[in-house]
Amino acid sequence: MKINKMLGTAVALTALAITMPAFADENAELVINGEIPIVTKTAAPAHLEGALDEIMSGWVFRSDETQAMEMDDFDNPAMLFVEEAMVAFETPMGSEGKSCADCHDGPESLANVRPTYPKWNDAKEQVYNIQMQVNDCLTERMGAEKEKYDSQLMKNYLALLASVARGTPVNVAIDGPAQPMWEKGKEMYYTRYGQLELSCASCHEQNYGNWIRADHLSQGQVNGFPVYRLKDTKLTSAQGRFKGCVRDTRAETFKPGSEEFLALELYVASRGNGLSVEGPSVRN
Amino acid sequence: MASGVKPRVKVPKSASAGEVITIKTLISHPMESGQRKDSDGNIIPRSIINRFTCDFNGQNVIDVTLEPAISTNPYIEFDATVPEAGEFKFTWYDDDGSVYEDAKAIEIA
């Protein structure tokens, strides 16, 4: 029996829960620290009509133990990096002698960042993701060197910005000036890459819930990013994960920070419009 | 010398008398095993937390010897019976002689 069929309807799940308690956790609800309810399943945004009816966070597809690690900040290894970012947030960097805290009134004041990025930047006239915005702050306001795209500090910042936005619904704009980029991302999503000729949709739209080797395929949502992957014991950004996915199709991958991955990040983020920001999350 | 060492502890704020509670502890520490070599072939000296203890109102609850095979950021979780209100005191001993401490009070509800 295919698990994605079982994930399909709540009615089927309720019936199965009685006869097959092993799958009862498919209905599990995510509440972080006993106080932040997280939406892990909701109706798909309008632009996914005909593709998906319901969108689901990757958390739903993980084992009980992995799910539990994310329910308590003490058990979530990613929170160590959030703490490191908190220190960095208040540390002056660069020639201006400014820290992030000199302009921003605490990380909580940036709670609207993670749910809405990548988004159109009017001044720069291009789509910006959080890394690009952080680098602008570093170079233009603080007089510091820009950070590498996937540096530890950069990923720590991502984790911090995600942690203060937990529970807020992802709400990425796909119309207006960002639309051409979004269209490009959508085209990439459905383009088959590599020797294995797999598109993102081959796995994450047509086969989520099914086994891939010893694991369940998720819908490939990025609402939980950055993620702490237990097999890597470190944080991974959305574009870092894309790279891994494209590599697994046996293709030459794009680089994290490339325009291609930025377009894909925007499109994939928009597929999760409505799910809660959940990161930094724990995955296997 | 280990840098960025920070202990963390999670203890419930209150318990009923005689209740068994779960205590979670974690200390951020590189736990360098002393078995690895750097790019020049020199051994990286061992630097680990070698002992962890927890006391409740002066009475020992747990005393752990840690060995070099234990990973970065050692996480120790254990149960303790709370007979009365008081304070849990946690101590980590570093190879370099440093001692890191934390304490958590618990009430009887």
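This section describes chain B and selected sites of chain A in a predicted model.

Chain B is built from strands. Its secondary structure comprises eight strands and zero helices. From the N terminus on, the order of elements is therefore β-β-β-β-β-β-β-β. The C-alpha trace spans about 60 × 20 × 20 Å along its principal axes. Chain B has 109 residues, and 37% of them are buried. Among contacts in chain B with a separation of 6 or more, 58% join residues 24 or more positions apart.

The surface and charges of chain B were also computed. The chain exposes about 6,100 Å². Carbon and sulfur atoms supply 47% of that area. There are 17 negative and 11 positive side chains in chain B. The centres of these two sets lie 5 Å apart.

In chain A, attention turns to an annotated site. An unreviewed UniProt entry lists Cys200(A), Cys203(A), His204(A) and Cys245(A) under "binding site". These residues are spread over 46 residues of sequence, yet they cluster in space, with a largest C-alpha distance of 10.8 Å. Cys200(A), Cys203(A), His204(A) and Cys245(A) also belong to the lining of the largest pocket.

Cys203(A) lies in helix H10 of chain A, which covers residues 200–204. Cys203(A) counts as buried because its relative accessibility is 16%, and the cut-off for buried is under 20%. Beyond its neighbours within four places in sequence, Cys203(A) contacts Tyr208(A), Leu217(A) and Ser218(A). Cys245(A) sits in helix H11, residues 238–248 of chain A. Cys245(A) has a relative accessible area of 29%, so this residue is partly exposed.

Chain A also contains cis peptide bonds. One runs from Tyr117(A) to Pro118(A), with omega near 0°. Pro118(A) is in the loop between helix H6 (113–116) and strand E5 (119–121) of chain A. Another joins Phe225(A) and Pro226(A), where omega is about 0°. Pro226(A) falls in the loop between strand E8 (215–216) and strand E9 (227–229) of chain A.

Glu125(A) is not a glycine, but its phi is positive, about 55°. The residue lies in the loop between E5 and strand E6 (126–128) of chain A. Glu125(A) is exposed because its relative accessible area is 61%, against a cut-off of over 50%. In chain B, Asn73(B) is likewise not a glycine and has a positive phi of about 55°. Asn73(B) is found in the loop between strand E5 (59–65) and strand E6 (75–82) of chain B. At 24% relative accessibility, Asn73(B) is partly exposed.

Notes: Residues numbered from 1 in each chain as written. Chains lettered and ligands numbered in written order. Predicted model: local features only at pLDDT ≥ 70, side-chain atom pairs only at ≥ 80, totals over all residues. Heavy atoms only, no water. Helix = DSSP H or I, 4+ residues; strand = E, 2+ residues; numbered from the N terminus. Buried < 20%, exposed > 50% of the residue type's maximum accessible area, 1.4 Å probe, protein only. Contact = heavy atoms within 4.5 Å. Areas by Shrake-Rupley, 256 points an atom, 1.4 Å probe, with all protein chains shown as cover. Lys, Arg positive; Asp, Glu negative; His and termini not counted. Charge placed at Lys NZ, Arg CZ, Asp CG, Glu CD. UniProt positions renumbered as here; feature names shortened; annotations may be inferred. 1 Å grid on protein atoms, 1.4 Å probe; cavity = no way out; pocket = protein on both sides within 12 Å on 5 of 7 lines; lining within 4 Å.
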